[in-house]
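Hi,

Here is the structure I promised to pass on. Have a look at it first, and then read on for what turned up.

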Amino acid sequence: MSLPIVAIVGFPNVGKSTLVNRLAGGREAVTHSESGVTRDRKRVRCDWNGLAFELLDTGGIDLEDESELARDIQRQARLGIAEADVVMMVVDARAGVRAGDVELAKTLRGSEVPVIVVANKVDRPEDEHLTAELNQLGLGEPLPVSASHGLGTGDLLDRAVELLGEHAQPSEDSDAVRVAVIGRPNAGKSSLVNAFLGSERVIVSDRAGTTRDSIDTEVEVDGRRVILVDTAGLRRRSKVAGTVDYYAQLRSEHAVERADVALVVCDAGDGITAEDLRVAEMAMKAGCATLLALNKWDETRTDVDDARARVTQKLRLRPAVITCSAIRGRNVANLLPKALALADRAAERIPTPELNRFVTDVAAKTPPPSRRGRRLRMYYAAQIGERPPRIAIQVNDRKLINREWAYHLENRLRETYALEGVPLVIDFVPHSGTRRGRQ
């Protein structure tokens with residue numbers, strides 16, 4: 001069953017994302033002194049007193065801003081309100097009631113969803129008198145809270161759980177597969193996520209850098225739970241240092257570290273660039289199974305075999321490559337099942353007897369290297385980890401191993417056990433009591 005939703009709405013820069021981070025006990029949402037950082041609807045799981053629900057962070061609602069991006073943000077916020085079981089309207093208590101707060105309160109009074117007025121930025125108990133002005137919003141007694149310091153957040157969570165009533169669910173471990181959709185700015189990541197969902201879940205714009213946060217959305221694929229994570233476009237950190245995009249970059253990198261599969265979206269019109277390869281390599285080093293999606297394929301004549309050869313030449317990971325078009329729907333239905341298959345292979349274990357037979361066969365067909373009359377001997381092999389798979393092989397002398405033969409062994413492993421797109425670690429361990437080595 002899906003978790004109930006508590007939507008957090010309000011005027012720009014009143015501390016909504018800071019409140020989300022405080023309530024969820026982490027740093028899930030991007031926060032910055034710049035106004036309008038949050039743009040899409042972002043879901044964050046929250047557990048309180050053994051009950052679980054989702055916090056829905058939304059962009060700031062400024063009804064007087066008529067720009068196209070502002071209208072998109074307002075639409076996303078309204079959709080968040082429509083799907084919520086409880087709404088938290090966040091107001092800056094120090095700034096008092098503003099015209100935008102009055103307009104939003106009027107909208108909320110017309111809905112049937114319970115509303116909690118959160119008087120944020122009450123950083124000291126003696127400042128609680130600032131909440132009195134907020135009673136004029138007509139949405140009940142405001143709760144004084146300091147998202148920055150944590151004052152009043154326990155009472156706020158108690159109130160939210162009370163209003164959720166029977167909708168709140170017992171906390172339990174999630175068995176969902178996390179798929180992070182990553183890539184360069186404007187490669188079509190958000191369009192692809194919307195194509196997966198069949199609705200405009202995240203804002204899509206020709207303007208690069210529209211997505212600034214990692215947006216989690218749960219879907220079901222072939223009866224299995226999948227969490228899609230739409231991320232901000234990845235650039236080199238030096239290019240975004242000192243800006244709000246730097247923190248969005250960190251969120252994207254963190255999303256990859258927590259994911260089971262990284263879906264690297266490339267703009268097929270540009271071909272597979274050095275930046276695309278850098279992003280794929282980052283996912284590989286994070287231990288993610290990796291699938292390259294050549295998006296906008298309907299706009300290019302590039303040969304897919306040439307693209308796959310370029311990836312294979314540059315990356316030992318040999319990620320799976322698939323063409324698609326988020327706009328036209330080409331191959332979109334095949335991407336998530338392919339990602340699930342990669343996640344399953346990354347979690348599989350190779351039985352020890354079978355693995356030892358495999359290593360013996362490889363050594364028989366292509367003998368290991370020798371140096372000064374000494375030949376590499378492999379005594380025992382076992383898989384010691386998964387996600388990603390990690391193989392330990394006991395050898396007589398690690399110094400006898402050369403890179404070419406180690407890569408040969410790795411390639412045979414990938415071919416035999418269908419590990420293309422799955423990171424693979426091979427440790428060559430000295431047979432004696434000396435320190436362990438690593439390829």
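A residue is called buried here when its relative accessible area is under 20%, and exposed when that value is over 50%. By that cut-off, 53% of the 439 residues in the protein chain are buried. Do keep in mind that this is a predicted model.

Some overall numbers to start with. The chain has twelve helices and 18 strands. Its accessible surface comes to about 20400 Å², and carbon and sulfur atoms account for 45% of that. If you take the contacts with a separation of 6 or more, 70% of them are between residues 24 or more positions apart.

Now the inside. The largest nonpolar core has 51 residues, and the ones touching the most other members are Leu192, Leu263, Leu335 and Ile393. Helix α10, residues 332-347, gives the most to this core, with eight residues. There is also a second, separate core of 24 residues, with Val6, Leu55, Val161 and Leu164 among them.

Leu335 deserves a click in your viewer. Which residues is leucine 335 in contact with, leaving aside its neighbours within four places in sequence? The list is Leu192, Phe196, Leu263, Leu291, Ala293, Ile322 and Cys324. Two of those names, Leu192 and Leu263, you have already met as residues that touch the most other members of the core.

Next, a sheet made of three strands. It is open, its order is β16-β17-β18, and the pairing is mixed. β16 (378-385) and β18 (425-430) are the edge strands, each pairing on one side only. On average, neighbouring strands of this sheet are turned by 25° against each other, if you ignore direction. β17 (residues 390-395) and β18 run parallel and are joined by six bridges; in one of the pairs, valine 395 has proline 430 of β18 as its bridge partner.

Two helices pack on this sheet. Helix α11 (residues 352-365) touches β16 and β17, and its direction makes about 135° with that of β16. Helix α12 (residues 403-416) touches β16, β17 and β18, and the angle between its direction and that of β18 is about 130°.

While you are there, find isoleucine 426, which sits in strand β18. Is isoleucine 426 buried or exposed? Its relative accessible area is 2%, so it counts as buried. Isoleucine 393 is 33 residues away from isoleucine 426 along the chain, yet their C-alpha atoms are separated by 7.5 Å.

Another parallel pair is worth a look: strand β8 (residues 177-183) and β10 are joined by five bridges. Here valine 179 has leucine 228 of β10 as its bridge partner. Strand β10 (residues 224-230) is mostly covered, with five of its seven residues buried.

A disulfide is a covalent bond between the sulfur atoms of two cysteines.

Cheers

Conventions
Residues are numbered from 1 along each chain as its sequence is written. This is a predicted model: local features need pLDDT of at least 70, side-chain atom pairs count only at pLDDT 80 or more; totals for chains, interfaces and linings use all residues. Side-chain values use heavy atoms; hydrogens and water are left out. A nonpolar core is a set of buried Ala, Val, Leu, Ile, Met, Phe, Trp, Tyr and Cys residues joined through side-chain atoms within 4.5 Å. Buried means under 20% relative accessible area, exposed over 50%, partly exposed in between (1.4 Å probe, protein chains only). Helices (H or I, at least four residues) and strands (E, at least two) are DSSP runs, numbered from the N terminus. Contact means heavy atoms within 4.5 Å. Two strands pair if DSSP finds at least two bridges between them. Axes are lines fitted to C-alpha atoms, for helices over the stretch in contact, and angles run from 0 to 180 degrees between N-to-C directions. Accessible areas come from the Shrake-Rupley method with a 1.4 Å probe; for residues, only the protein chains shown count as cover.
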